[in-house]
Number of protein chains: 2
Amino acid sequence: MAARRGVTIEDVARAAGVSRQTISNALNAPHRLKPETLERVSAVIEELGYSPDQSARSLKSGTKRIIAYPTAADDPDNPNPLMGGFLEAVVASAGEAGYRILLLRPRPGQSEERAIDELIAARSVDAFLLSDILRDDARVAHLSAAGFPFATFGRTLPEQPQAWVDVDSVQAVIDLVGLLAARGHRRVAFLATTRDQPWMEDRRDGFRAGVRRHGLVGQEYSAPGDDPAEIVAATRELLRGRNRPTAIVAGGDWLALGVYSAAREEGIEIGSGLALVAFDDLPVTRFLQPALTTVRLPLRQIAQALVARLLQTVEDGVAPQAGLLLPGELVIRPSLGA
Amino acid sequence: MAARRGVTIEDVARAAGVSRQTISNALNAPHRLKPETLERVSAVIEELGYSPDQSARSLKSGTKRIIAYPTAADDPDNPNPLMGGFLEAVVASAGEAGYRILLLRPRPGQSEERAIDELIAARSVDAFLLSDILRDDARVAHLSAAGFPFATFGRTLPEQPQAWVDVDSVQAVIDLVGLLAARGHRRVAFLATTRDQPWMEDRRDGFRAGVRRHGLVGQEYSAPGDDPAEIVAATRELLRGRNRPTAIVAGGDWLALGVYSAAREEGIEIGSGLALVAFDDLPVTRFLQPALTTVRLPLRQIAQALVARLLQTVEDGVAPQAGLLLPGELVIRPSLGA
DNA sequence: ATCAGTAATATGAACGTTCAAATCCAACAA
DNA sequence: TTGTTGGATTTGAACGTTCATATTACTGAT
């Protein structure tokens, strides 16, 4: 399999009997050509199937039309089920702007910042897209310091570039609690995991604010990890405690799955005997009975906003001045009860 | 944000008091340098943080160190839950070989082949990785015709390049049926969707072969689509029919979720009253009670094999002579019954 | 017919790298 | 001394674009 070099601009120029630059203009600045020349040249381009070499173009112009997305070295047995959908949305948004997404992960033993540096140094990409942002994220600090374009799904610190897009989890959970309060619930519980994920903190904050606002009695429970057994155990404890709450706000659908399990074990009917609301709208919840009231993440809008911010930074050199908080979409289903 | 050009090989050469080529050699062919020169030059490289410009390198060498993965224009509301895990594994395998994964999707209205052509013509990538292969896949035909390196997760036609890797679903399902037969089941059912996915055909074939081999009575049911309601309805029909099977082989865990639902509605106990086995080992099944007997896809091995094949084709110019069939891993859990 | 002014196209150089060939420099044999 | 050898390093060219500048062709006014 020889390194078959393709059709070059020179080939096209010769075939069309014009100069290189005329071909280049036909593609990049058609208005400079006399209409008939443009037509003739375009025909030849089409015929030879010419398309500019991206490497050569990048070398000259400095722009790659590529956005890097460093994937977290995720727990392989428990991949984030929303990741696929998020990536889909990002690829679609970027694609419409003529950009592609480059996935990478640090080599074993290499830090994520180092991997990012490598990509910057090699001038392989135009910008970075980050998700799973920590409160004090080393990657964000690194990219800010380097002055390299980036945007994040998840809030960054106030002193850092405000290139983030996030879901207003706090408000969404306040709304969930509001729904419970409106249905007469007084004792409500929040179920979380102890892993320190900022978005879980937001959801917890929302719970606390909601409880305060509606004068409810709130309890908080945590499972030590994401493991189903741990989640079910934590829920069981919650359900067996004295002063059992009449409603549970799960920090995520994944946790809610544990509540369904534990409730069944305990003979408690979700919806009637126990109200349950959660967050994420995982596809799998569509099998649950009764169906789960939850909050859907506007992944498409998030992706679109992220890409828009990124391209604005890259192409216009203007960094976003403020973060963007998008509302989650309340999906009300029977688990909420009447 | 100026188009801050980086450190070039020329800068390093000047700083080290040697020529361009010496720097190039220090990185690409260190043995050509006198050890002391190498050390001195390496120090300067390190100090200036020099890293060769990927575009320039690609332009000269013709190799991009990028593998393209065209993402299917997936149903956004029902993303493939395994996609995230598969991508993770591919990114990891490729990363270890110094390759990155480029995600793309056709622009609205553009065919996938057209999008592939664009990438080839622009010489943006070294190879393609395809999944969700159809029996007669246009993309595969296209890439074969173009003679461009590629590999597929999913079998291709015998007359096409055998660059595929796949799971031996047929054998895995035969094994599942064997487990059922060994437990005395005689009437077994296969539950599928009617969407023509080759891997579902394989699983169906496995079911038929297993039934035949063990002299069982097999029935086949189909839900018209992936929608939970449809799946539950199909299962209900299955459970209510006369000669209700004592065991169900679900074509995938997603379908098995419907069986859990329908069985609960019908008051049938999975494990004791009805054996259930499935395929995929989706993370969510870990919440099911009783836990689901299923087949785990060796995603890591699949990714590794795919990348190995790809790189062999790209770097050594040798196309794989035969496909690779990897065994699925039987995960036996209580839903199988005693 | 001449000239200015503009529209259309062509030419040379440069982006940063690596390959091929050339040069330089010891070390050593004749 | 002269030449030979082989290792270490340098030089020129090329990869395929696009930018800046130069050239040519056309238009219309004098």
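**Exercise 1. Overall form of chain A**

Task: Compare the radius of gyration of chain A with that of a compact globule of 338 residues.

Solution. Step 1: For a compact globule of 338 residues the radius of gyration would be near 20 Å. Step 2: Chain A, in this predicted model, has 26 Å instead. Step 3: Along the principal axes, the C-alpha atoms of chain A occupy a box of roughly 90 × 45 × 40 Å. Step 4: Buried residues make up 46% of the 338 residues of chain A. Step 5: Among contacts in chain A with a separation of 6 or more, 69% join residues 24 or more positions apart. Step 6: The secondary structure of chain A comprises 12 helices and 12 strands.

**Exercise 2. A sheet in chain A**

Task: State in what order the 4 strands of the open sheet in chain A are arranged, and explain why β7 and β9 each have one side without a neighbour.

Solution. Step 1: The order is β7-β6-β8-β9, with parallel pairing. Step 2: β7 (217–223) and β9 (275–277) of chain A are the edge strands; each has a single partner strand, so one side of each lacks a neighbour in the sheet. Step 3: On average, neighbouring strands of this sheet are turned by 20 degrees against each other, direction ignored. Step 4: β8 (residues 247–250) of chain A pairs with β9(A) in the parallel sense over 3 bridges, and Val249(A) is opposite Val277(A) in β9(A). Step 5: Helix α11 (residues 253–266) of chain A lies across β6 (187–193), β8 and β9 of chain A, at about 145 degrees to β8(A).

**Exercise 3. The contact between chains A and B**

Task: Determine how many residues each chain brings to the contact, and which element of chain B gives the most.

Solution. Step 1: Chain A contributes 54 residues and chain B contributes 54 residues. Step 2: On the side of chain B that touches chain A, two or more residues come from each of α4, α5 (83–96), β2 (100–104), α6 (112–121) and α11 (253–266) of chain B. Step 3: α5(B) gives the most to this side, with 9 residues. Step 4: By class, this side of chain B holds 24 nonpolar, 19 polar and 11 charged residues. Step 5: Across the two chains, β2 (residues 100–104) of chain A pairs with β2(B) in the antiparallel sense over 3 bridges. Leu102(A) is opposite Leu102(B) in that pairing.

**Exercise 4. The surroundings of the DNA strands**

Solution. Step 1: DNA strand D is surrounded by 26 residues, of which Ile9(A), Ser24(A), Ala56(A), Gln21(B) and Thr37(B) are the closest. Step 2: Two or more residues of this surface come from each of α1 (9–16), α2 (20–28) and α4 (54–61) of chain A, and from each of α2 (20–28) and α4 (54–61) of chain B. Step 5: Here α2 and α4 of chain A, with α1 (9–16), α2 and α4 of chain B, each supply at least two residues.

Definitions and conventions: Residues numbered from 1 in each chain as written. Chains lettered and ligands numbered in written order. Predicted model: local features only at pLDDT ≥ 70, side-chain atom pairs only at ≥ 80, totals over all residues. Near = placed C-beta within 6 Å. Rg over C-alpha atoms; globule rule 2.2 N^0.38 Å. Buried ≥ 20, exposed ≤ 12 C-beta atoms within 10 Å, placed from the backbone. Contact = placed C-beta atoms within 7 Å. Pairing = 2+ DSSP bridges. Axes fitted to C-alpha atoms, helices over the stretch in contact; angles between N-to-C directions. Nonpolar A, V, L, I, M, F, W, Y, C, P; charged D, E, K, R; others polar.
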